Amino acid sequence: MARIAGVNIPTNKRAIIALQYIHGIGPKKANEIMTKVGIPDARRVSQLTDQEVLQIREVIDRDYIVEGDCRREVAMNIKRLMDLGCYRGLRHLRGLPVRGQRTHTNARTRKGPAKPIAGPARRSNPGVHFELT
């Protein structure tokens, strides 16, 4: 397994797909990296030479924010919104959807499991109103 940016990328996949296992690299950036290094798209990670892996590693370190730095930057952006007290920050703070989705129904991923609300007390058998003689 090749290790790039602190991530073991799978050896049996195509290099473009394997690069996407690194947090902060998606399809577009993976394609850009492969073009910069000059490796064909069909090449698999197991077929890459040590020199090519080293070139990929250097390009990622030099030009892209990945893994821990990327996670830290996203967390800092969210914290900044929360400190500002803007609408998006308050939605993050309260654990509700941030991008305008409805919350009357659905939104269970952000809100968590449904909390039961106490309703009116139910009678044991409300439909029966007669006496047996």
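Helix α4 has 18 residues, and from its first C-alpha to its last it reaches 26 Å, close to the 26 Å expected at 1.5 Å a residue. The expected span is 1.5 Å times one less than the number of residues. The model is a predicted one, in which local features need pLDDT of at least 70 and side-chain atom pairs count only at pLDDT 80 or more, while totals for chains, interfaces and linings use all residues. Residues are numbered from 1 along each chain as its sequence is written, and side-chain values use heavy atoms, with hydrogens and water left out.

## Exercise 1. The chain as a whole

Task: state which elements the chain contains and what percentage of its residues is buried.

Solution. Helices (H or I, at least four residues) and strands (E, at least two) are DSSP runs, numbered from the N terminus. The chain has six helices and two strands. From the N terminus on, their order is β-β-α-α-α-α-α-α. Next comes burial: buried means under 20% relative accessible area, exposed over 50%, and partly exposed in between, with a 1.4 Å probe and protein chains only. Of the 133 residues in the chain, 26% are buried.

## Exercise 2. How α4 meets α5

Task: describe the packing of α4 and α5 and list the residues that make the contact.

Solution. Two packed helices are described by the angle between their axes and the distance between the axes. Helix α4 (residues 67–84) and helix α5 (residues 87–94) pack at an angle of about 105°, with their axes 7 Å apart. That makes α4 roughly perpendicular to α5. Angles under 35 degrees count as roughly parallel, over 145 as roughly antiparallel, 65 to 115 as roughly perpendicular and the rest as oblique. The contact is made by Ile-78, Leu-81 and Met-82 of α4, together with Arg-88, Gly-89, His-92 and Leu-93 of α5. Sorted by kind, the residues of this contact are four nonpolar, two polar and one charged.

## Exercise 3. The buried side of α3

Task: determine which residues of α3 are buried and which elements they pack against.

Solution. Helix α3 (residues 50–63) has 14 residues and reaches 20 Å from its first C-alpha to its last. Its buried residues are Glu-52, Val-53, Ile-56, Val-59 and Ile-60. They cover an arc of only 125° around the axis, which puts them on the same side of α3. The face turned away from this side carries the exposed residues Asp-50, Gln-51, Asp-61 and Arg-62. The buried residues of α3 pack against β1 (2–4), α1 (15–19) and α2 (27–37).

Leaving aside neighbours within four places in sequence, Ile-60 is in contact with Ile-4, Ala-5, Leu-19, Ile-22, Ile-25, Ile-33 and Val-66. The C-alpha atoms of Ile-60 and Ala-5 are separated by 7.7 Å, with the two residues 55 apart along the chain.

## Exercise 4. Positive phi

Task: say where Ala-5 and Asn-106 lie, and whether each is exposed or partly exposed.

Solution. Most residues other than glycine have a negative phi. Ala-5 is not a glycine, yet has a positive phi of about 55°. Ala-5 is in the loop between β1 and β2 (7–9), and is partly exposed, with a relative accessible area of 22%. Asn-106 is not a glycine either, and has a positive phi of about 65°. Asn-106 lies in the loop between α5 and α6 (108–111), and is exposed, with a relative accessible area of 54%.

Conventions. Axes are lines fitted to C-alpha atoms, for helices over the stretch in contact, and angles run from 0 to 180 degrees between N-to-C directions. Contact means heavy atoms within 4.5 Å. Ala, Val, Leu, Ile, Met, Phe, Trp, Tyr, Cys and Pro count as nonpolar, Asp, Glu, Lys and Arg as charged, and the others, Gly among them, as polar. The arc is that of the directions from the helix axis to the C-beta atoms.
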